[in-house]
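The sequence and structure come before the notes.

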Number of protein chains: 2
Amino acid sequence: MSDDRHDAVVGVVTADHVAAAAGVSRWTVNRAFKKDASISKKSREKVLAAAERLDYVPDLMAAALASDRSNLVALLIDDFRNPHKLVMLERLTRVLRQNGCDTLLVNMLDEDDAHRALVSASQRRVDAAILIGLQFDDEVILTALGARRVKKLIVFARMSGHPNTISISVDDVAAMTELTEYILSKGYRRPMFLAGPNTQSAHLIRKETFVDMWQRARGYVAEVISVPLYDPDLAFRAVAEALGGRSRPDLPDILVCENDALALGAMDAIRHDLGLRTPDDIAVTGFDDVPQAASPNYSLTTYRQPVTAMAEKLVEVLQARGDDTDHTGFRGKIMVRGSA
Amino acid sequence: MSDDRHDAVVGVVTADHVAAAAGVSRWTVNRAFKKDASISKKSREKVLAAAERLDYVPDLMAAALASDRSNLVALLIDDFRNPHKLVMLERLTRVLRQNGCDTLLVNMLDEDDAHRALVSASQRRVDAAILIGLQFDDEVILTALGARRVKKLIVFARMSGHPNTISISVDDVAAMTELTEYILSKGYRRPMFLAGPNTQSAHLIRKETFVDMWQRARGYVAEVISVPLYDPDLAFRAVAEALGGRSRPDLPDILVCENDALALGAMDAIRHDLGLRTPDDIAVTGFDDVPQAASPNYSLTTYRQPVTAMAEKLVEVLQARGDDTDHTGFRGKIMVRGSA
DNA sequence: TTGTAAGCGTTATCAA
DNA sequence: TTGATAACGCTTACAA
């Protein structure tokens, strides 16, 4: 038929058209597209054939309006400086899409924007809002999110401890314990911890775990410095400043960083500002295992989170109709490389 | 009232509720939320006050269903290895959101997935699908997208030349010309060009511009190598392999890379595989100005695209109701750093 | 300026 | 297994 071209252009093909073409009712068309619908095999085939022919696909917006599921989630992200974000975005969008879920990406411009971001998401009827790897103050954000109009609020890759949210993350204590044991086993003597935002308890776990373990093992308190954002540039400056004037014996022999974003900046500072070598003069460890960590330039010893498994758990949580609890027990693995 | 808590939980507040509370009709409520609606100041205030009180926000899904605009766009992305993607995602989501547009992030898993990705987007009634910085074969993708059910198809940060798409990008010829002039002015003698996917014409412009200019200026053809994806690791291996066995005089004195993703990998190879220095032994240039390019470790001479301006143009294109043409004349600026 | 009718394309629910 | 009714919450006419 010469309608071929026409069909594609002439506005939307709806279930009604397919129904007419297949000689069934509109509702039967719909059933054909639902997995566990009660429909005869014959009807379904007839419908799917007609749909194929007419190039019909269900309109998910209309579906969302009529049902109470949109199969849409919002990813709220507050920081694009950390390369690990790209990794998480890739995994999350991949796994979500493989499970029939689309993803709204919402850029939280600043802490005050958190509330607007969530409202935005709610206006699209998302099934869940996922806060990915917050660096903004958890408390501020979760409070702003207090009057929530979103069904589920999930904190991904960070523990939250906040009621009404579901956390999905690695067991930070176990992870940092493993890393610290490794560091202790290597015989380092003068550690310094480079921490990120000091704002909330969730951010402090890695630092505290390290400091506590070190104290117990060695009998003295490790030095700690921190930066207000997970930004390699800030880490560079903080390290350059903190270590700049020190004489050799006062320098740490290892810089334990809360994550890779900080570790990469720190390593640059050690080499290019202080003119020292790593690991020979100062060793470095990170957390996350961003792609660059594996590059021969950094060869960063770090801890890899099981992001895919976490994303799959997220899908499970999404599909669970009832309330869910936290899943903060994921275990990753230490990636031993050249930097420590 | 003790309803306070209740209101937030008891299901959605609709325009009807606000209408009742404000003592107007549902349609008046709607007008109050539209910028140029014909409504008296008084009515609007009354409505907005009631809306505020009831914590009402319009449902954008329902709005999209009823109108033919969704204020939703899909960002189709085919590659998360290139750190420039994170920059583009940040700018695009920021600018779009500032203009009332939400963003669907769709991960194209492979070339064959392009069609499904677009259908996915269309099922959400997006106003436009934006292909950001394709590395997959343009032709394959644009063909897959042929039977398109999306109103606008925009190719961002890459020229497409394909009819039925709108490109928004820098003028690659002008950009590469500027970069090449700089390189020529510095007196390099033995260039090598590191190209990305050789698949389509859009990918070839930078290479061809460089090779042509070099030939005209110096009278001989520059060497070219290429990798199938914009992946730093592949660049590393390609450079290590191409230059590995060469004696000093056979080595290039500058490696001109199609973009920063390749340049970073190339630089790592020069230093850590070949054991050479940059720029002393081999200089390097990139394209994009990713954040790492500015780090003292790389200090990469590169070309910064005006991503924000391009994003703003994108918004314009989105808002233009009619068909639009390409906007491929953006000019960025060369960022001269230590690497060349 | 305001109100009304008629959808938008689906789904929940019940009846056949 | 199938068909029909009534939403879902909004917008675009157009009429008052």
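**A loop residue in chain A**

Ser40(A) has 10 C-beta neighbours inside 10 Å and therefore counts as exposed. The class follows from the number of other C-beta atoms, placed from the backbone, within 10 Å of a residue's own: 20 or more is buried, 12 or fewer is exposed, and anything in between is partly exposed. The model is predicted, so local features need pLDDT of at least 70 and side-chain atom pairs count only at pLDDT 80 or more, while totals for chains, interfaces and linings use all residues. Residues are numbered from 1 along each chain as its sequence is written, and chains are lettered from A and ligands numbered from 1 in the order in which they are written.

- Ser40(A) sits in the loop between α3 (26-32) and α4 (41-54) of chain A; helices (H or I, at least four residues) and strands (E, at least two) are DSSP runs, numbered from the N terminus.
- Between the C-alpha atoms of Ser40(A) and Ala19(A), which are 21 residues apart along the chain, the separation is 15 Å.

**Helix α12 of chain A**

- Helix α12 (residues 260-273) of chain A has 14 residues and should span 20 Å at 1.5 Å a residue, which agrees with the 19 Å between its end C-alpha atoms; the expected span is 1.5 Å times one less than the number of residues.
- Because 11 of the 14 residues of α12(A) are buried, the helix is largely enclosed by the rest of the structure.
- Among the buried residues are Asp260(A), Leu262(A), Met267(A), Asp268(A) and Ile270(A).

**Helices α6 and α13 of chain A**

- The axes of α6(A) and helix α13 (residues 307-319) of chain A come within 9 Å and cross at roughly 45 degrees; axes are lines fitted to C-alpha atoms, for helices over the stretch in contact, and angles run from 0 to 180 degrees between N-to-C directions.
- α6(A) and α13(A) are therefore oblique to each other, since angles under 35 degrees count as roughly parallel, over 145 as roughly antiparallel, 65 to 115 as roughly perpendicular and the rest as oblique.
- The crossing of α6(A) past α13(A) is right-handed; the near helix is turned from the far one by less than a right angle, anticlockwise if left-handed and clockwise if right-handed.
- Val87(A), Met88(A), Arg91(A), Leu92(A), Val95(A) and Leu96(A) of α6(A) meet Val307(A), Thr308(A), Ala311(A), Glu312(A) and Val315(A) of α13(A), where contact means C-beta atoms, placed from the backbone, within 7 Å.
- By class, this contact of α6(A) with α13(A) has 8 nonpolar, 1 polar and 2 charged residues; Ala, Val, Leu, Ile, Met, Phe, Trp, Tyr, Cys and Pro count as nonpolar, Asp, Glu, Lys and Arg as charged, and the others, Gly among them, as polar.

**Helices α2 and α4 of chain B**

- Helix α2 (residues 15-22) of chain B packs on helix α4 (residues 41-54) of chain B at an angle of about 120 degrees, with the axes 9 Å apart.
- α2(B) and α4(B) are therefore oblique to each other, and the crossing is right-handed.
- Residues in this contact include His17(B) and Val18(B) of α2(B) and Lys46(B) and Val47(B) of α4(B).

**Contact between the chains**

- In the model, 40 residues of chain B are in contact with 40 residues of chain A.
- On the side of chain B that touches chain A, α6(B) gives the most, with 7 residues.
- That side of chain B has 20 nonpolar, 8 polar and 12 charged residues.

Conventions:
Two residues are in contact if their C-beta atoms, placed from the backbone, lie within 7 Å.
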